[in-house]
Amino acid sequence: NMNIPTLPVYEWLPDQLKLANNVIGLLHKRSIQYEGLFNMYLGPNKVCVTTRADFCKHILQKNNKNYRKSPFVQPLREAIGNGLLTSEGPYWLQQRRLIQPNFHRKRLQELCVIMQEQIETYSDNLLTQIKENKDLNIVPEMMKLTMKVVARSLFSTGFSEEEVYAVGQHIDKIQMHVMQEIRFPYLKKVKEWTGKERAFREELYALDKILYRTIDQRKKIPSADRPSDLLTMLLEAKYADTGEGMIRSQLREESLILFTAGHETSALALSWTFYLLAKHPDKLAILQEELASVLEDRIATFEDLPKLVYTKQVIEEAMRLYPPAWIIDRVALEEDEVDGYKIPKDHIVNVFVYGLHRNPAYFEQPETFMPERFAPEKKKQMTPYSYAPFGGGPRMCIGNNFALYEMQLTLAHLLRKFRFKLVPNQNVIVEALVTLRPKGGIRFEVEAI
């Protein structure tokens with residue numbers, strides 16, 4: 001049994017000072033140096049970092065029962081409750097079994113209609129907006145769009161425009177709070193003294209009021225008359241053993257999880273995609289050719305998605321280079337062994353997805369944007385678990401197809417209506433918070449075609 005190599009003190013001490021500013025760059029550098037497996041200290045805790053596909057597969061799939069989410073999830077759990085993203089063990093499994101079947105093809109087809117309406121409305125507003133000002137920060141723009149898409153997919157009715165906006169604001173503030181809790185846990189007392197904690201509670205209360213009101217209104221509608229959205233699906237899902245549905249607080253938790261997990265990640269994946277296409281006009285040209293030949297003058301629908309092959313490859317490659325969920329952390333419940341390496345009980349293991357996706361063992365020219373590598377025949381030859389933008393195993397993201405459809409439809413619509421040119425001389429810096437963001441966003445000059 002081998003021990004996982006540990007970064008010597010003289011290497012990790014200078015790292016600690018830089019860690020806050022450039023966690024991605026440092027982890028990537030060390031991953032290459034240590035061939036994808038090493039231990040390092042995070043404060044007093046020793047944690048393992050890996051960019052090896054076999055480790056990823058073992059932890060997320062093969063022996064997933066031995067791994068729980070790490071303590072870093074606790075602040076998120078306290079903020080948004082015990083939904084699919086934050087729950088564990090038997091309760092998680094019960095919820096997953098209850099909700100999973102509802103993300104089937106037929107339901108997604110209905111949701112694509114809602115997505116399409118939101119994308120069209122957004123596109124019309126953008127036309128007006130760029131008459132005033134062509135300079136646009138893509139990140140808040142995509143957040144606005146995906147927020148609308150997820151809000152309407154969850155609550156197609158009973159939600160005013162103002163409330164959609166309010167919910168977005170509340171969720172942003174809650175996420176900022178959670179992020180600070182994770183990065184600076186020792187400031188908790190200070191927050192209580194300065195009233196920040198109370199302000200956070202008020203945000204949660206305001207959000208809950210809107211969510212509970214919407215849930216209660218929907219419950220009053222006879223089943224046959226309910227709109228076909230995710231809230232109806234959550235309301236009508238029944239546990240196999242009891243035939244009962246979820247109680248009110250569970251409905252609030254699960255819808256809030258879908259909201260939180262469902263808008264920011266897609267918005268970031270889209271932002272990075274626009275950025276990469278603007279930097280690679282040759283790839284953009286191939287994509288536009290596909291859109292023209294498949295769609296001609298029509299708007300893309302659910303039925304067109306399987307034909308938009310290159311469009312999907314572009315998104316998959318953008319998520320390889322810039323995975324919004326850039327790290328997956330787990331803690332070992334019992335001692336374990338992978339490939340002859342010992343993982344002690346209670347050890348935190350991080351699958352560093354960003355580094356996994358750029359590991360030269362699995363991807364040639366890993367730093368290059370090549371959507372061609374996701375061509376259907378090439379995909380079959382990929383090492384399993386070398387690509388994990390949605391995680392993997394039983395806890396793989398439940399909304400992965402929802403997100404891919406939404407992104408395909410968004411690109412298909414916006415790239416035929418607008419030209420996105422990068423504003424020159426801006427420095428796009430990768431910032432690793434809960435998700436992988438471009439620091440300060442990415443600015444584009446947008447023109448109608």
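Guide: His263 counts as buried, because its relative accessibility is 2%. The model is a predicted one.

Visitor: Which helix is His263 found in?

Guide: His263 is found in helix H12.

Visitor: And what is His263 in contact with, leaving aside neighbours within four places in sequence?

Guide: With those neighbours left aside, the contacts of His263 are Met143, Thr146, Met147, Val150, Ile171 and Asp172.

Visitor: Switching to the largest nonpolar core: how many residues does it have?

Guide: The largest nonpolar core has 118 residues. Those with the most contacts inside it are Ile99, Met142, Phe259, Phe274, Trp326, Leu415 and Phe420. H12 gives the most to this core, with 14 residues.

Visitor: What does Met142 touch, again leaving aside neighbours within four places in sequence?

Guide: Met142 is in contact with Tyr122, Ala267, Leu270, Ser271, Phe274, Thr410 and Leu414 on that basis.

Visitor: What does the second core include?

Guide: The second core is separate and has 20 residues, among them Ile4, Cys56, Val338 and Leu356.

Visitor: New topic, helix H10. What span should its 25 residues have?

Guide: Helix H10 covers residues 196-220, and at 1.5 Å a residue it should span 36 Å. Its end C-alpha atoms are 37 Å apart, which agrees.

Visitor: Which residues of H10 are buried?

Guide: They are Glu197, Phe200, Glu203, Leu204, Leu207, Asp208, Ile210, Leu211, Tyr212, Thr214, Ile215 and Arg218.

Visitor: What covers the buried residues of H10?

Guide: The cover includes helices H4 (74-80), H8 (161-183), H9 (188-194), H11 (230-236) and H12 (248-279).

Definitions and conventions. Residues numbered from 1 in each chain as written. Predicted model: local features only at pLDDT ≥ 70, side-chain atom pairs only at ≥ 80, totals over all residues. Heavy atoms only, no water. Helix = DSSP H or I, 4+ residues; strand = E, 2+ residues; numbered from the N terminus. Expected span 1.5 Å × (residues − 1). Buried < 20%, exposed > 50% of the residue type's maximum accessible area, 1.4 Å probe, protein only. Contact = heavy atoms within 4.5 Å. Core = buried A, V, L, I, M, F, W, Y, C linked by side-chain atoms within 4.5 Å.
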